[in-house]
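Dear colleague,

Please find the structure below, passed on for your own work. My notes on what was found in it follow directly after.

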Amino acid sequence: MRVPFSDLQVFFELAGAMVQTRAMLKEYSAYRSLPRQYRGSACFTIAIIFLAILCAPAIAAAGETPPPGPLTLGYLLRAARADNPEIRAVDEKYQAMRQRPSQEGTLPDPSVGVRYHNEQFGRITFGSSDFSYLEFSAEQEVPFPGKLGLKESIASREAERERAMRDSMILSVLARVVLAYTDLSVADRSTAILDESADVLDTVIKQTAQAYSVGTAVQQDILRATLERDALRERIAMLALQRTTAEAEIDALLNRQATEVLAKSAWIDKVSILEPLDSLTRRLEAQAPELRAAEEDVLKTSDALLLAKRGYLPDFTAMGAYADKNGLYAEWEVGLRVTVPLYFWRKQRPAIAEAEYNRRAAEHARQNSRVTLESRLRQAHAMAETSMRLINLYSENLIPEASLTLKSARASYSVGKVDFLTTLNAFNALFEYRMRYTEQIGQYRRAVAEIGPLVGEPPPELDQGASP
């Protein structure tokens, strides 16, 4: 059984509170054992600790401080879950919708009244005339049995739909955090590869310059290597722009002021195992938030159709009154008023037709949501499968072979067995394969991040640590 991530968060918070409470009890036991003259300062210290424990959740909710070291995905996901304005907005809207069912399922407010009846204009005849009285009355409107229950059910369906849309928004925001973090980490990793490649190319340039000084190389080789190094610098500048764009996206998702540059990301070479498409499709049908919202729409419109059909049934109003004649005989009365659906061909009948059309539209919308989500899932899964095959190809074949080729070319060039162009081509091949390998890891993680909201699951946090 899969436990929702929000429930896990509550569980860990409660566990932390229990540990803190146990520590406080130990402190109190130590306090009781102190001599009386030292209890005052100890009590003050314990009070400060207690207040700090109480205020810690509020301080943590206000914003989590980034941990030292590389920037991790886990920190960004927690910060977005706590501070993202879109998540807060949909959560507040859901909380508002939860207040409606009880309102819709409650009887209308009763009305009470007071009335005085006099016999003539010249004087007050209260108590002297049988026809003068002071009357107190009350009325209560009572809809036909079942109508209030259907209204409450419709409001409950609307609240559940809003809950599903809230969950969808949370998963969407978290997926966008993963996408932005992936762009950031790919930019950081690619920049590191470019820096390493520039260092290798600097070594090659020095080696070529030495060969040129003894007449075994031509000046064109040095110029070609210098041009390649400048091309690497150009790509570093483009990656800096990509990183700035990813930072801006992360700042917006975390509701964070861009006052400082984000730390370098933690790059992980290994990727998660891709689940089979059939398994993901079953989970999509079972727990996709958009499908849950569409299902609630169907149930809501079905209840609305039943309510419209009950429009032919009358509503009631119960009445009661008491008349005081000041010494004369008191009077009381009760009554019942019934509404008559007299204009049913212009009101109730079109209302039923409208509800029926809405129910059919909701069913079609549910089917459209299902096929659309399944199509998006297949596309994302195919993209992830393709990236996984390329990742394996680069890591197991192309990069090791290109590394050996460059090593052999540099050794042969140093003794004059191959020309400089062969060495440069081997260098470019290894460099491009490493860059493509990094990009395919990013593509794989983007595809997996898109799968998460489709199947109703939060994105997994990447394992911490750096690649070797």
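**Strand pairing**

Ala323 stands opposite Glu331 in strand E4. This pair belongs to the antiparallel pairing of E3 with E4 (residues 331-338), which extends over eight bridges. On E3 (residues 316-324) there is also an antiparallel pairing with strand E2 (residues 133-142), made of nine bridges. Within that pairing, Leu134 has Asp324 of E3 as its bridge partner.

**Overall picture and confidence**

Please note that this is a predicted model. The protein contains 11 helices and four strands. It has 468 residues, of which 32% count as buried. Of the contacts between residues at least 6 apart in sequence, 79% join residues at least 24 apart.

The mean pLDDT of the protein is 82, with 83% of residues at 70 or more. Helix H9 (residues 289-309) has the highest confidence, at a mean of 95, while helix H2 (residues 39-62) has the lowest, at a mean of 43. Two stretches call for caution. Over residues 37-63 the pLDDT stays under 50, and the model has 15 contacts beyond four places in sequence for them. Over residues 462-468 the pLDDT likewise stays under 50, with 16 such contacts in the model. Where pLDDT is low, the predicted coordinates should not be read in detail.

**Salt bridges**

Side chains of opposite charge can pair when their charged atoms come close. In this model the count comes to 33 salt bridges.

Asp315 and Lys147 meet through their side chains in a salt bridge, at 3.0 Å from N to O. Asp315 is in the loop between H9 and E3, whereas Lys147 is in helix H6 (residues 147-213), so the pair ties together parts that are 168 residues apart in sequence. Both Asp315 and Lys147 are buried.

The other two pairs each lie within one helix. Glu356 and Arg360 form a salt bridge at 3.1 Å, N to O. These two residues are four apart in helix H10, and therefore Glu356 and Arg360 are separated by about one helical turn. Glu356 has a relative accessible area of 18% and so is buried, whereas Arg360, with 43%, is partly exposed.

Arg100 forms a salt bridge with Glu104, and the closest N and O atoms are 3.8 Å apart. As the salt-bridge criterion is a distance within 4 Å, this pair is counted. Arg100 and Glu104 lie four residues apart in helix H5 (residues 100-104), which means that about one helical turn separates them. Arg100 is partly exposed, with a relative accessible area of 31%, and Glu104 is partly exposed as well, at 29% relative accessibility.

Beyond these pairs, a network of salt bridges links Asp91, Arg166, Asp167 and Arg292.

**A nonpolar surface patch**

Which residues make the nonpolar surface patch of about 640 Å²? Tyr312, Val340, Leu342, Tyr343, Phe344 and Trp345 make it. Trp345 is placed in the loop between E4 and helix H10 (348-414). With a relative accessible area of 46%, Trp345 is partly exposed.

**Backbone geometry at Asn255**

Most residues other than glycine have a negative phi, and most peptide bonds are trans. Asn255, which is not a glycine, has a positive phi near 55°. The residue lies in the loop between helix H7 (219-253) and helix H8 (277-287). Asn255 counts as partly exposed, at 49% relative accessibility.

How far apart are Ala82 and Asn255 in sequence and in space? They are separated by 173 residues in sequence and by 9.7 Å in space, C-alpha to C-alpha. Ala82 is located in helix H3 (residues 73-83). At 35% relative accessibility, Ala82 also counts as partly exposed.

With kind regards

Key:
Residues are numbered from 1 along each chain as its sequence is written. This is a predicted model: local features need pLDDT of at least 70, side-chain atom pairs count only at pLDDT 80 or more; totals for chains, interfaces and linings use all residues. Side-chain values use heavy atoms; hydrogens and water are left out. Buried means under 20% relative accessible area, exposed over 50%, partly exposed in between (1.4 Å probe, protein chains only). Contact means heavy atoms within 4.5 Å. Two strands pair if DSSP finds at least two bridges between them. Patches are made of residues with over 30% relative accessible area and no salt bridge: like charges are joined within 9 Å, nonpolar side chains (Val, Leu, Ile, Met, Phe, Trp, Tyr) within 5 Å. Accessible areas come from the Shrake-Rupley method with a 1.4 Å probe; for residues, only the protein chains shown count as cover. pLDDT is the predictor's confidence in each residue, from 0 to 100.
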